[in-house]
Amino acid sequence: MSKEMIEALDALETEKGVKKEVVIEALEDALASAYKRNYDQAQNVDVEFDKTQGDIHVYAVKEVTEEVFDSRLEVSLKDALAINKAYEVGDKIKFEVTPKDFGRIAAQTAKQVIMQRVREAERGIIYDEYSQYENEIMTGEVERRDNKFIYVNLGKIEAVLGRGDQMPNEQYEPHDRIKVFVSKVENASKGPQVFVSRTNPGLVKRLFEQEVPEIFDGTVEIAGIAREAGDRTKIAVRSTNPSVDPVGTTVGPRGARVQAVVNELSGENMDVVQYEEDPVDYIANALNPAQVIAVQFNDEDNDRSCTVIVPDYQLSLAIGKKGQNARLAAKLTGYKIDIKAESDVEFVDDDQLEENDEQIEEQQSEATPASAAATPDDGAEATQDADPVDDSADAE
């Protein structure tokens, strides 16, 4: 070893970002193992690397005892006092035992271990770098694919895009540049692993933050996102400034801002609605573009269920294709929504309810609306139940 080793360590720190101290620590551990293995020594040894000259020194570490039972591990108090009168029983003394040819043998033996430590240090640096991008957007290049994943080059690491995170309306070819949402970063045994997604609702949120300055600075907030990736997304927005229209701001002049997000998501439809504290107004907004006549909550004991009444000619629009509009509205608001046509509902005046509850109950029991319950996956029926699901995406 020599000053050339010091120069090499300095270059490694500069080029790879691996601290010299980390490599030296690994080197000392490797040299201690090499000494024991090559010189058939089982005693306690300590290897020190001279950071200035690049020299290596091997020391046998022995404990001071009254009586010596193993000369490889112990030294008598008498001999210790001959070295230094300050030594006491229990102290540790280092005796240099560096072989003349140890530098060559140690370098050969330690090379593999050092490189492994360097790789580990590099992995740690990569993990630290990419873990800060968790829940953020990154742009990468599609490199290759196999039966399970598409691999996206993010620079220093290859991220994986699983089947469930791929847009059903997109084809990914090598060298395609795509924006991905970093959903998870793991420090696995084989090195850092980055998982990315094109279907995560967080991707929609981050794209709007990039396109709408008012969302980025907090003037307009995203209150909720309900997404069926590749097809349609509903996003609820609200303003912290009364003079700012949250929907108009998000959509942009002539729809330019929302269109930029739609283009990035390969034509995925976007419904931007205004969030309201009043659940009646919020549910009505969430069913956009359908018009809502009334929202009635069905059961006082279950305040997460409601009936929405719409004009007959807008029933199909409110339900949406295969129940999509109602399903997304349920995800967005967190309410179970039962949609009925106006002609199937008998309205009762609120004042009359207050004056004569018994009469209203009798009227309600006699009224048998002709409606058929439909699941969110059914087509447009006379009525539609839409249950909020657990994977509704609220803004962070």
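These legends describe close-up views of a predicted model.

**View A. Buried face of helix 9.** Helix 9 spans residues 279-286. Its buried residues are Tyr282, Ile283 and Ala286. Seen down the helix axis, these buried residues fall within an arc of 95°, so they line one face of helix 9.

**View B. Start of helix 9.** Here the contact runs from side chain to backbone. A side-chain oxygen of aspartate 278 reaches to within 3.0 Å of the backbone nitrogen of valine 280.

View C. The structure holds 19 salt bridges. One of them joins the side chains of glutamate 48 and lysine 94, at 2.8 Å from N to O. The pair links distant parts of the chain. Glutamate 48 sits in strand 1 (residues 45-49). Glutamate 48 has 33% relative accessibility, so it counts as partly exposed.

**View D. Salt bridge between lysine 184 and glutamate 186.** The closest N and O atoms of this pair are 3.2 Å apart. Glutamate 186 counts as partly exposed because its relative accessibility is 32%. Lysine 184, at 37%, counts as partly exposed too.

View E. Arginine 232 forms a salt bridge with aspartate 271. Their closest N and O atoms are 2.5 Å apart. Arginine 232 lies in strand 11 (residues 232-239) and aspartate 271 in strand 12 (residues 269-274), so the pair ties together parts that are 39 residues apart in sequence. Are these two partners buried or exposed? The cut-off for buried is under 20% relative accessible area. Arginine 232 has 13% relative accessibility, so it counts as buried. Aspartate 271 has 11%, so it counts as buried as well.

**View F. A salt-bridge network.** Side chains of opposite charge can pair when their charged atoms come close. Salt bridges that share partners join Asp46, Glu48 and Lys94 into one network. The bridge between glutamate 48 and lysine 94, shown in View C, has an N to O distance of 2.8 Å.

How values were computed:
Residues are numbered from 1 along each chain as its sequence is written. This is a predicted model: local features need pLDDT of at least 70, side-chain atom pairs count only at pLDDT 80 or more; totals for chains, interfaces and linings use all residues. Side-chain values use heavy atoms; hydrogens and water are left out. Buried means under 20% relative accessible area, exposed over 50%, partly exposed in between (1.4 Å probe, protein chains only). Helices (H or I, at least four residues) and strands (E, at least two) are DSSP runs, numbered from the N terminus. The arc is that of the directions from the helix axis to the C-beta atoms. A polar contact is a pair of N or O atoms within 3.5 Å; within protein, one must be able to donate a hydrogen and the other to accept it, and residues adjacent in sequence count only if both atoms are side-chain atoms. A salt bridge is a side-chain nitrogen of Lys or Arg within 4 Å of a carboxyl oxygen of Asp or Glu.
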